Structures are given as C-alpha cells and as structure tokens.
Amino acid sequence: MVRSREAQTTRRTRVAAMIFKCAVCNRNQRSRSVLLKHMKTHAGEKPFECTVCNKKFSQAGNLHAHQRTHTGEKPFECTVCNKKFSQTRSLSHHLRTHTEEKPFECSVCNKKFSTAQNLRSHLRTHTEEKPFECSVCNKKFSMNHNLRTHLRIHTGDRPFECTVCKKKFSRDHTLRTHLRIHTGERPFECTVCNKKFSHSSHLRTHLRTHTEEKPFECTVCNKKFSQSCNLRTHLRIHTEEKPFECSVCNKKFSMNHNLRTHLRIHTGERPFECTVCNKKFSHSSHLRTHLRTHTGEKPFECTVCNKKFSSSSDLRRHLRTHTGEKPFECTVCNKKFSQSCDLRPHLRTHTEEKPFECTVCNKKFSRDHNLRTHLRIHTGEKPFECTVCNKKFSDSSDLRTHLRTHTGEKPFECTVCNKKFSTAHNLRSHLRIHSVSQETV
C-alpha cells in the first residue's frame with residue numbers, strides 16, 4: 001500500500017512537470033494558469049496598460065504592483081524592522097537581510113546570494129556576458145542599472161541632490177558618501193589600527209598599508225602598486241604621456257597635483273603656513289620639512305656614517321660624499337657636480353649671467369647666497385659668532401677660518417715642502433715662493 005502511494009506521487013510529479021513546463025525556456029510552472037501567464041512574456045503580449053503613464057504589462061499582477069509607484073502605497077510591512085514595501089517580492093528579499101538566508105548558489109564558485117537577480121548578475125562575471133548596450137557610444141554592461149547610471153554621462157542628468165549644499169550627483173551612492181562630509185560620519189573602521197573612513201574603498205586601500213599587498217602590476221617593468229591610480233600615473237613614465245598642461249606657460253605634467261603645485265609659481269599662492277613662525281609655503285611637503293627646523297627632528301639617517309638629516313633630499317646629496325657620485329655634468333666643459341644647485345651657478349661662468357642684483361649698489365652676482373652675503377656689507381649684519389671669543393662674522397666661511405686660530409687646525413698642505421696652512425689663500429701665497437725659486441734656477 002505504501003509503495004503504491006509512492007508510485008502514484010512519483011507519477012503525478014512527472015505528469016505535472018510535463019504538463020506545466022514552458023516549451024520555450026523549459027522552466028517549470030506550478031499550475032496551468034501560471035504557465036499561461038508566463039507564456040505571454042515570450043509572446044510579447046502586454047494587454048494590461050497603466051492609466052497614468054500608459055506603460056504596458058503582460059500580467060495583471062505586475063500592473064497592480066506598478067500602479068503603487070504612482071500612488072506611493074506600500075502595503076507589505078516587515079515584521080522585524082517595520083520597513084514597508086510596494087511588492088511582496090521586495091519584502092521577501094528584504095527579510096533575508098534579517099535571516100541572512102542566501103538560497104541562490106553560484107555553480108562556478110559556490111558564492112551564495114539572497115536573490116535570483118543577484119545570482120544572475122554575478123554569473124556574468126564568469127561568462128563575461130554584457131547584454132546591456134549604450135545606444136549612444138555602444139559601451140556594454142553586465143547589469144541594467146549600470147547602463148542606466150552610464151547614460152547620465154550623456155544626458156548630464158544628476159537626479160540625486162544634497163539637502164545641505166544642493167550639490168547634485170548622478171549616482172545615489174555617491175550622494176550617500178558625500179553626505180558624510182557634512183555629518184562627519186566614518187562608518188568603516190580598520191580592524192588593525194582602528195582608523196575610520198567615510199568610504200569603504202578608502203578602508204580597502206588603507207588595509208594594504210598593513211598587509212603590504214600590491215595587486216596592481218605594471219606590464220612593462222613589473223613594478224607593483226597598492227592603488228590602481230598610482231599604477232595609471234606610473235605608466236605615464238613609460239608612455240611619456242603628460243596630459244596636464246599649464247594654461248600660462250604650456251608646461252606639461254604627467255600628474256594633476258604636479259600641475260596644481262606648478263600653478264602656484266604663477267599665482268604666488270602659498271597656502272601652507274607654519275604655525276610656529278607663520279612662514280608660508282607653496283607645497284605641503286616643504287612645510288613638513290620646514291617644521292623640523294623647529295622640532296629638531298632628523299628622521300633620515302646615513303647608513304655609512306650615521307649622520308642624520310631633516311629631509312630625504314639632504315640625505316641623498318650627503319650620500320654622494322661617500323660614493324663620489326657626480327651625476328650633474330656641464331654640457332660646455334664636462335665638469336661634474338654632485339648637486340644640481342652647484343651645476344646651475346657653474347653654468348653662469350660660461351654664460352657670464354649674473355641674475356642676482358643688489359638693490360643698494362646694483363652690483364650683480366651669479367649666486368643668490370653671494371648676494372645675501374654682500375648685503376651684510378650694507379646692513380652691517382654679522383650673524384655668525386665664534387663660541388670661543390664671541391667675535392662675529394658676516395659670512396659662515398670667515399667664521400670657519402677664524403675658528404682655526406683657536407684649534408690650530410691647518411688643513412691646507414704644500415705638496416712641495418709639506419708646510420701646512422690654516423687658509424687656502426695662505427697656501428696659494430706660499431706656493432709662489434716655490435714658483436719663483438724654480439724660475440731663478
């Protein structure tokens with residue numbers, strides 16, 4: 001008897017599957033009436049029309065649900081959080097946010113989803129199917145809502161407006177992120193250092209500072225980066241692309257922030273101010289370096305002699321005293337220099353250019369520090385003081401020479417008779433004794 005009932009149930013299931021299966025897409029329906037409604041989606045038949053906007057539907061139930069978009073009616077309420085919905089399907093999907101039920105599983109990677117629609121969209125990441133095409137530029141998308149958002153690029157439509165500052169956005173999530181500027185909300189917290197962020201993408205990028213993950217790799221030199229924007233900027237080194245052009249002097253830059261910094265040369269803008277001495281700077285990095293003159297911080301240490309420096313550029317220059325590297329070469333006489341700032345004044349010995357002029361006596365100089373030293377003749381300023389006898393000097397080199405009278409140091413040695421001198425000037429005078437002697441002989 002039990003076997004007979006089981007056999008009848010099995011036969012009914014088989015018959016039901018045969019009778020109520022769609023001949024077009026092979027989907028099974030639970031009854032004949034549901035199958036007939038479903039068939040209209042293939043036939044393109046839409047007999048039910050909205051009296052407000054004239055949109056047509058294949059099923060009366062879909063028309064009823066659509067009409068609620070006009071009336072604002074939301075008769076289906078969540079029993080957990082009391083949120084209301086216009087469709088039972090939307091309520092069913094919402095309830096899964098409370099139950100965490102994800103009944104739809106991807107057959108490729110086993111990822112689970114709360115709605116069939118989300119699963120279908122996800123499957124396109126495996127198939128690379130992009131069925132939604134822009135009618136303007138023919139760009140294709142895997143999801144319809146991405147196409148709708150993209151179309152706003154062409155139409156200029158920005159339907160999402162900030163209620164605080166009235167700024168408009170083409171995407172609702174961009175508006176939500178923007179609102180955090182006004183509220184100060186930072187809902188995304190780093191689990192390592194507890195730093196908080198207003199945007200989830202900022203948190204993801206930040207986490208790479210802890211994991212040292214660099215997922216973006218240059219296809220030319222294989223250098224890796226933690227952010228895609230850094231990779232894009234880096235690629236311009238290889239392509240030599242400089243898309244950012246100065247509107248004043250037409251100089252081009254590979255990075256937009258370099259152009260912004262450059263423009264301050266023309267505008268004279270110095271937006272970064274020292275809170276200690278009120279000195280202003282055109283670049284934030286210059287301010288950071290300057291602040292170390294107040295704090296005495298020297299975070300950059302030479303690995304050879306352990307001397308410390310307040311800026312990385314000073315350390316790089318210092319390292320050349322150990323390596324003997326002189327990368328800056330004069331194109332006229334091929335003399336080499338360890339610093340570019342030394343090459344520039346040297347070039348003026350060839351051009352005889354003297355761009356630094358005294359405002360008092362109009363004397364000109366090839367180096368700015370020579371002008372500064374010269375100005376002390378007019379002002380009488382002597383900022384360099386001997387710590388032994390308190391004698392003051394207008395030039396630091398004069399103080400160094402003077403200190404040798406106290407220390408007895410004589411660093412300049414005659415190569416002929418090995419006599420030593422405290423100044424180079426005295427050595428040169430001495431060498432003439434030998435040159436005269438040789439002439440006499």
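**Pockets, a helix and a histidine**

Mentor: This is a predicted model. Start with the largest pocket: α3 gives the most to its lining, with six residues.

Trainee: How does the lining of the largest pocket divide by class?

Mentor: Three residues are nonpolar, 12 polar and six charged. Gly counts as polar here.

Trainee: What about the volume of the second largest pocket?

Mentor: About 340 Å³. Of its 17 lining residues, the closest to the centre include Thr-149, His-150 and Arg-152. The largest share of that lining, seven residues, comes from α6.

Trainee: Why is His-290 called buried?

Mentor: Buried means under 20% relative accessible area. His-290 has 13%, so the label holds. His-290 sits in helix α11 (residues 284-295).

Trainee: What makes the pair His-290 and His-294 a polar contact?

Mentor: The cut-off for such N or O pairs is within 3.5 Å. Their side chains make the contact at 3.2 Å.

Trainee: How do you know that the span of α5 agrees with its number of residues?

Mentor: Helix α5 (residues 116-127) has 12 residues. At 1.5 Å a residue, they should span 16 Å; the end C-alpha atoms are 17 Å apart, which agrees.

Trainee: Which residues of α5 are buried?

Mentor: Leu-119, Ser-121, His-122 and Arg-124. Their cover includes β5 (104-105), β6 (112-113) and β7 (132-133).

Conventions
Residues numbered from 1 in each chain as written. Predicted model: local features only at pLDDT ≥ 70, side-chain atom pairs only at ≥ 80, totals over all residues. Heavy atoms only, no water. Helix = DSSP H or I, 4+ residues; strand = E, 2+ residues; numbered from the N terminus. Expected span 1.5 Å × (residues − 1). Buried < 20%, exposed > 50% of the residue type's maximum accessible area, 1.4 Å probe, protein only. Contact = heavy atoms within 4.5 Å. Polar contact = N/O pair within 3.5 Å; in protein donor to acceptor, adjacent residues only side chain to side chain. 1 Å grid on protein atoms, 1.4 Å probe; cavity = no way out; pocket = protein on both sides within 12 Å on 5 of 7 lines; lining within 4 Å. Points joined across faces, edges and corners; volume = space filled by probe spheres on them.
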